[in-house]
Amino acid sequence: MSLQLRARVPERGVELDLAVAGGQTLALIGPNGAGKSTVLSLVAGTLRPARGQVELDGQLLFGERSWTPPHHRRVTTLSQDPVLFPHLTARGNIMFPLRSQGVPRTRARTEAGRWLAELGLEDLADRRPAMLSGGQAQRVAIARALAADPRLLLLDEPMAALDIDVAVTLRGQLRRFLADRTAIIVTHDVLDALTLADHLAVLDEGRVIEQGPTRELLTRPRTAFTASFAGLNLVTGRWEAGAVVLSDGARLPAPGPHPPGQEVHAAFHPSAVQLARTGGIRRTVTALLPHGDLVRVRTADLAADLPPQDIAELRLEPGATVHLVVPREAVTTYEP
Amino acid sequence: MNTLPRWVLLPALLGGLFVLLPLAAMAARVQWSSFGALITSDASLSALRLSVQTSGSSALLCVAVGVPMSVLLARAEFRGLSLLRSLVLLPLVLPPVVGGIALLYTFGRQGLLGRQLEVLGLEIAFSTTAVVLAQTFVALPFLVISLEGALRTAGTRYEVAAASLGARPSRVLLRVTLPLVLPALLSGTVLAFARALGEFGATITFAGSLQGTTRTLPLEIYLQRESDPDAAVALSFLLMIVAVLVIAAARRRVST
Amino acid sequence: MSRLARSFSAAAVVMLLAGGCGGPDDSTSGAEDTVSLQVHAAASLQEPFEELGEAFAAEHDGVDVQFNFAGSSTLVQQIQQGAPADVFASANPENMDKLVEAGLQGSEPVDFTSNTLMIAVPAGNPAGVTDLTSLTEDGLHLVVCAPEVPCGAATETVEQAAGLTFSPVSEEQSVTDVLNKVTSGEADAGLVYVTDVAKAGSAVEGIEFPEAQEAVNIYPITTVKDSENAGLAQEFVDLVSGPAGQEILDGYGFVGR
């Protein structure tokens, strides 16, 4: 079973088709304002535009004259704000979706107990949300969302508000729970995408500009946004005699082979980039940023991670010209 | 507290005294030797009983219609909503006597609905029902204004979350929205009760004044003033105590 | 200073005094060029007294007659609490006695007019009321004054004189309230004063009954002690009890002494 999402909402500039295979997770990425959250709101039913239509799996969620209210959609949202009901205990919160679906009180209680155990929350069962830490609250929210047994789970940056170490634990738990559930996750974190999502769709201005299996997309990005999300440099040029020739004539030696003259993408990690006195790819430095032990040297389209000594020795600063070379074996090439 | 300028104490203290001093002055006038006899007279007891009963009924009626009104005003979106809100809150600023006159022309024998009600065998004029109607009319805005404000402050995110978890609208209202604003609902109800308890103008205009039927404590106090000022003072003090008890009880309920 | 500003500052002063537990408030008397005569009169006297006030002002240049119309017992209480008053006209001797007991009369009270009860029914007399006895019929909405107020006391007197027991649907605070219930048609009948029926015009009809003579309501008037305008006050009392005043009062249904 797979879910087909078809959304046409002119007023929001949304026009897209997405497919999520049953039991799989699709990550939605894209620059701010690309329409990721809009898509989630349209599917969840928290946004009701004047015109357009949204179909989920052939069912018209919203169209010219029809509107499926949110509670009939079996679509549950988990956002960075856990939105636990403050007047209910952790257990009461998890029982809520079960009771809403008509599960008898005792069974709902037992089932909520199971979810509490599964997320290691037994000791917190009778606490009110005000007495829970951020991470604990988010775990209760996860249990509650899963207890609703939605046909589609929407995750809107669920870890964005958490400390890094809490996020790590939670990500592990989420991976386990999402393994056999159908979900869409919106994230800015490449780790979320890699850990949780089988597929990736890149949105820009309300449209899907790229989609495919997560690993495939993140190792062989085809758009600048995907490349930067994956932490890779991406250049495009023509294949000529064992190198990618860029539009300015610079040559980037790379493994092939490709037909001569073929347009190819070349991806490489910033840490693989080295500086040369001359030749290579000529760029102007736009910014220098600390990056772990290294310094990230940014240009308009490329980044290089270099040791601070080199930066000091070369007296690099914004505005300076650099010549970038990349070892042949560090480059991946692929056709668009 | 530390950031408060010291001078606010003076006007605050003055305001407090302004409210408390008259109450103390009245308490000082109570004839304690005859207090017991004055407040346990037939007329006093029946007025007290009637006041508590009618105010309780009014408070319940206010909850029954005021909660849906508040929810609509806070959540619905339609043309003329703000106008409607102003109109609904009108009794708040209207002199109660005007309310009484308006009610008379609506539910009175010669009123807009009077004949229809008479056909149904319902006679409102000079009945305890009229007292409850008059009190509800003036008390309703108190509940609506406090509840609507709380609903707006609470926002809709919990309701959105509840719907996303599959809860039908009625369940969202009863299990999420209302529990969230429960303190405001309680204090609004107490306010409405207190307002009903003190209601005078609309009642005397619309319901009349008859011991045991329509003569509530404020009406009894006003009448006793004509012939027995001591009794009026004693009853005023009694009314004050009832009001203080109600507010204190409500405070405790809200804070726990 | 405008009137509003004066009221506001007076209220503020009162609050300050409340804070300081201060003495009596004397900030309300306004100093004006004209002399104003403060007449406290029973509410039932409003129309004839306003007419008398105009007549009095016409004869006295620079004199402005100001009225405070309310229930007689309220007026006595107000005068006792120090409300500025020059003349007091009561709707019954009892309330005048209260004033005298408090030693606040400026001269010996004079009975200047009287009033009797009458049955008032809405125009057309829908319930077919004919006399006092018909007021006891089942289902008839009778409204009277509460026994605590003068018109209620008079009602009890005629009730006893006629040997009847009324079961009113409401015992109102004042005769005006009774009349309002009749004019609005809420009540089928009410017991009010002859003068009230005269005042209500075509909205109500009056039905006389003989027992009314058992409860003739006498109106006394007096000047108030320590009046700043004692002379003028006495002149006003004289006007009211004199032939000109009696003529005006008669025109409103009062019966002179």
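This briefing describes the chains of one structure, their contacts, their cores and a few local backbone features. The model is a predicted one. Of the 2 pairs of chains in contact, chains B and C share the most contacts. Chain A and chain C are joined by no contact, and their closest C-alpha atoms are 43 Å apart.

**Chain A overall**

- Chain A holds 9 helices and 21 strands.
- Taken along the principal axes, the C-alpha atoms of chain A fill a box of roughly 75 × 45 × 35 Å.
- Chain A has 336 residues, of which 40% count as buried.
- Among the contacts in chain A with a separation of 6 or more, 63% are between residues 24 or more positions apart.

**Where chain B meets chain A**

- The contact between these chains involves 14 residues of chain B and 16 residues of chain A.
- On the chain B side, helix H9 (157-164) and helix H10 (169-180) each supply at least two residues.
- H9(B) gives the most to this side of chain B, with 6 residues.
- Sorted by class, the side of chain B that touches chain A has 9 nonpolar, 2 polar and 3 charged residues.

**Helix H3 of chain B**

- Helix H3 of chain B covers residues 42-75, which makes 34 residues.
- At 1.5 Å a residue, H3 of chain B should span 50 Å, and its end C-alpha atoms are 48 Å apart, so the two values agree.
- H3(B) has a kink of about 35° at Gly66(B), shortly before the proline Pro68(B).

**Nonpolar cores**

- In soluble globular proteins, nonpolar side chains tend to be buried together.
- The largest nonpolar core has 189 residues, and those touching the most other members are Val43(A), Ala143(A), Ala134(B), Ala192(B) and Ala120(C).
- Helix H8 of chain B (residues 128-154) supplies the largest share of this core, 14 residues.
- Apart from its neighbours within four places in sequence, Val43(A) is in contact with Leu5(A), Val54(A), Leu56(A), Leu61(A), Val75(A) and Leu154(A).
- A second, separate core of 28 residues includes Ala41(C), Phe49(C), Val65(C) and Met96(C).

**Positive phi angles in chain A**

- Most residues other than glycine have a negative phi.
- Glu157(A) is not a glycine, yet has a positive phi of about 45°.
- Glu157(A) sits in the loop between strand E7 (152-156) and helix H5 (164-178) of chain A.
- Glu157(A) counts as partly exposed because it has 18 C-beta neighbours inside 10 Å, and the partly exposed class lies between 12 or fewer neighbours for exposed and 20 or more for buried.
- Ala241(A), also not a glycine, has a positive phi of about 45°.
- The loop that holds Ala241(A) runs between strand E11 (233-240) and strand E12 (243-245) of chain A.
- Ala241(A) counts as exposed because it has 10 C-beta neighbours inside 10 Å.

Note on methods:
Residues numbered from 1 in each chain as written. Chains lettered and ligands numbered in written order. Predicted model: local features only at pLDDT ≥ 70, side-chain atom pairs only at ≥ 80, totals over all residues. Helix = DSSP H or I, 4+ residues; strand = E, 2+ residues; numbered from the N terminus. Expected span 1.5 Å × (residues − 1). Bend = angle between axes of the 7 residues up to and from the residue. Contact = placed C-beta atoms within 7 Å. Nonpolar A, V, L, I, M, F, W, Y, C, P; charged D, E, K, R; others polar. Core = buried A, V, L, I, M, F, W, Y, C linked by C-beta atoms within 7 Å.
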